[in-house]
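Please take a look at the model below.

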Amino acid sequence: MVNFELSLLSTEIIMAVLGLGLFIIGLILPRGSRKGMFSLALFATLGTLIYAIYDFFFSKNALFLQGMFIHDQFAGIFKIMFLVALLLVILSSKAYVGQFAAHRGEFYPLLMLATLGMILMAGAGDLITMYIGLEMMTITFFILVAYHPNDPKSSEAGIKYLVLGASSSAILLYGISLIYGLTGSTQIFSVAQALGSQLSPVTILATVMILAGFGFKITLVPFHMWAPDIYEGAPSPVTAFLATASKAAGFAVIVRFFLLMLYNQGFAETGYVILLVLAALTMIIGNLMAFPQKNIQRLMAYSGIAQAGYVIVGIIAVSTPTIQALENGVKGVIFYLMIYIFANMGAFAVITHVAQSQGSTEISAYSGLAKRSPLAAAVLTISFLSLAGIPPLAGFVGKFYLFSAVIDSGVVWIAVIGFVMSMISVYYYLSVVRVMYTGSSDGLPSVPVQGAAKFGMVFSMIITIILGIYPTPLAQMALTAASSLVK
Amino acid sequence: MSHTFAAVGIALVVAIAINLIMMLMPKLLAPNKPVPEKLTPYEGGNVTIGRTWLGFKSNYFLYAIVFTAFDLETVFLFPWALSFRKLGTFAFIEMFIFIIILLVGFWYAWKEGALEWM
């Protein structure tokens with residue numbers, strides 16, 4: 001009576017078993033010898049990543065468990081994305097996690113369980129599955145954000161995230177319950193059918209509430225208030241993971257649910273207008289608020305808000321009802337999220353390194369970093385230039401895909417705002433670079449990068465450069481994923 | 001359909017109105033003579049000495065969390081126990097996986113000292 005192929009759920013099962021397995025290993029090992037957890041977590045994630053890539057290319061698409069779960073290339077590429085982010089976080093956090101003497105054993109399992117939640121979100125075909133994945137990710141992040149045992153700032157961030165995250169979940173659930181009340185189903189395809197093309201005040205309310213719930217996760221502008229405080233207070237590796245993978249997961253569900261479920265009905269009227277206005281606001285406010293920041297993690301928070309605005313532009317392109325526009329838009333979104341992960345992870349690897357070796361996340365701590373650690377300074381520069389969208393790097397290609405998709409769909413002004421804002425963003429990115437290269441290094445320690453963190457930094461830098469020069473393979477993968485969405 | 005909800009609407013309006021009236025009435029009727037003693041937070045007691053913020057033990061909270069986990073387990077176990085004949089081996093294995101996950105959590109709580117008093 002249970003007819004589904006367990007093999008299609010392999011990535012999820014592997015992640016669940018890994019998370020719990022590492023948890024048990026952390027319990028069994030005596031406190032002193034938990035260092036081995038690092039290599040174990042690293043190679044386990046690498047293995048899962050290789051499997052996920054294999055899964056992306058060679059496994060079939062299916063809808064199973066009565067439509068609760070979707071297995072397609074769209075979910076596949078997001079799984080790859082989350083696992084890449086996890087891998088880079090683990091690489092960059094080795095020395096940092098060493099500080100958590102008492103609770104070193106739980107850090108990696110918690111990261112893995114958060115990844116499992118994201119993977120569930122990407123593959124969800126039902127609002128309930130999606131919600132469970134979302135909560136699994138969010139609740140794990142509550143713990144991770146408050147991970148510094150004796151730092152009041154970290155605890156404050158944890159509590160803030162708990163309260164705000166819970167209220168955003170409540171709003172999302174209320175939207176879901178309205179959808180269920182209207183259609184009698186939580187499955188996306190039945191919901192899309194039942195909604196039809198009717199537009200009523202209740203559907204608008206449900207649309208807005210669901211968008212608010214997801215908007216919180218991707219830091220869309222009116223729901224972005226939590227990001228700077230929490231990014232600043234959280235431990236640097238956790239901030240890195242929160243800023244990349246958690247955001248990507250939010251976009252995965254936005255694309256899947258917002259576009260498929262609400263596509264037929266009033267999306268063109270409600271969601272479309274809201275998204276246009278919010279995307280413009282997100283780009284403008286995110287970039288302008290980044291200027292006065294003195295703390296690098298706050299700067300990254302605002303930069304992340306602006307980047308979310310660029311990605312939303314791709315989603316706007318999707319709402320033009322032709323298959324080609326949809327494919328181009330989703331391709332842009334996926335491509336941009338992937339390169340965003342690499343650029344952000346490169347930057348956060350440096351931030352984690354400086355936070356760990358100098359104990360500070362203020363921008364003044366980066367003064368003269370080019371002399372004290374040339375590699376770290378170079379990686380941060382390349383990552384920032386990619387985020388700003390300077391031509392030879394990956395960020396430029398990503399923005400090109402996003403903005404050309406939206407111009408093809410006929411909305412030029414939003415692309416213009418995007419262009420102008422990315423020009424402006426160069427200033428605050430480069431002001432950090434200026435501090436690193438021209439600031440004096442007097443009295444600051446020499447902090448050479450070593451081991452796993454070095455590998456992580458160099459790896460994300462190389463990928464950022466390569467994808468800028470030769471973006472075709474990733475663009476092809478993104479296009480395959482996008483077309484699997486509409487099939 | 002909608003006229004049944006009209007009654008609810010009227011009840012809602014009346015309920016809000018009664019609250020507002022009850023809050024407004026003392027303002028209008030009661031004499032208002034504020035003196036400094038009256039405005040202190042502890043009008044009837046002594047002035048506090050030293051810090052009034054006390055730390056209190058969070059052990060009860062930890063017990064409650066562990067209890068909740070097993071309480072919820074029962075919520076799932078009960079319908080499963082009623083119908084697992086019908087559901088077959090698959091549900092049987094599934095429930096064991098669920099219990100194992102819970103036990104790992106319990107083991108963790110135990111090992112980290114959540115169950116030790118003081």
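## Fold and burial

Of the 487 residues of chain A, 56% count as buried. Buried means that 20 or more other C-beta atoms lie within 10 Å of a residue's own; exposed means 12 or fewer, partly exposed is in between, and C-beta atoms are placed from the backbone.

This is a predicted model: local features need pLDDT of at least 70, side-chain atom pairs count only at pLDDT 80 or more, and totals for chains, interfaces and linings use all residues. Residues are numbered from 1 along each chain as its sequence is written, while chains are lettered from A and ligands numbered from 1 in the order in which they are written.

Chain A has 20 helices and 2 strands. These are DSSP runs, numbered from the N terminus: helices are H or I with at least four residues, strands are E with at least two. The radius of gyration of chain A is 21 Å, close to the 23 Å that the globule rule gives for 487 residues, so chain A is as compact as a globular protein of that length. That radius is taken over C-alpha atoms, and the rule is 2.2 Å times the number of residues to the power 0.38.

## The core

The largest nonpolar core has 174 residues. Such a core is a set of buried Ala, Val, Leu, Ile, Met, Phe, Trp, Tyr and Cys residues joined through C-beta atoms within 7 Å. Helix H14 (residues 323-358) of chain A gives the most to this core, with 21 residues. A:Leu337 is among the residues with the most contacts inside the core. Leaving out residues up to four places away in sequence, A:Leu337 touches A:Met81, A:Ala248, A:Phe251 and A:Val311. Contact means that C-beta atoms, placed from the backbone, lie within 7 Å.

A:Thr219 sits in the loop between helix H9 (201-217) and helix H10 (226-233) of chain A. A:Thr219 is not a glycine, yet its phi is positive, about 50°. Is A:Thr219 buried or exposed? A:Thr219 is buried, with 28 other C-beta atoms within 10 Å.

## Chain B

Chain B has two domains, with bounds from an automatic or database domain assignment.

| Domain of chain B | Residues |
|---|---|
| Domain 1 | 2-39 |
| Domain 2 | 59-111 |

Their centres, taken over C-alpha atoms, are 47 Å apart. The contact between the chains takes 6 residues from chain A and 7 residues from chain B. On the chain A side, 6 are nonpolar, with no polar and no charged residues. Here Ala, Val, Leu, Ile, Met, Phe, Trp, Tyr, Cys and Pro count as nonpolar, Asp, Glu, Lys and Arg as charged, and the others, Gly among them, as polar.

Note on methods. Two residues are in contact if their C-beta atoms, placed from the backbone, lie within 7 Å.
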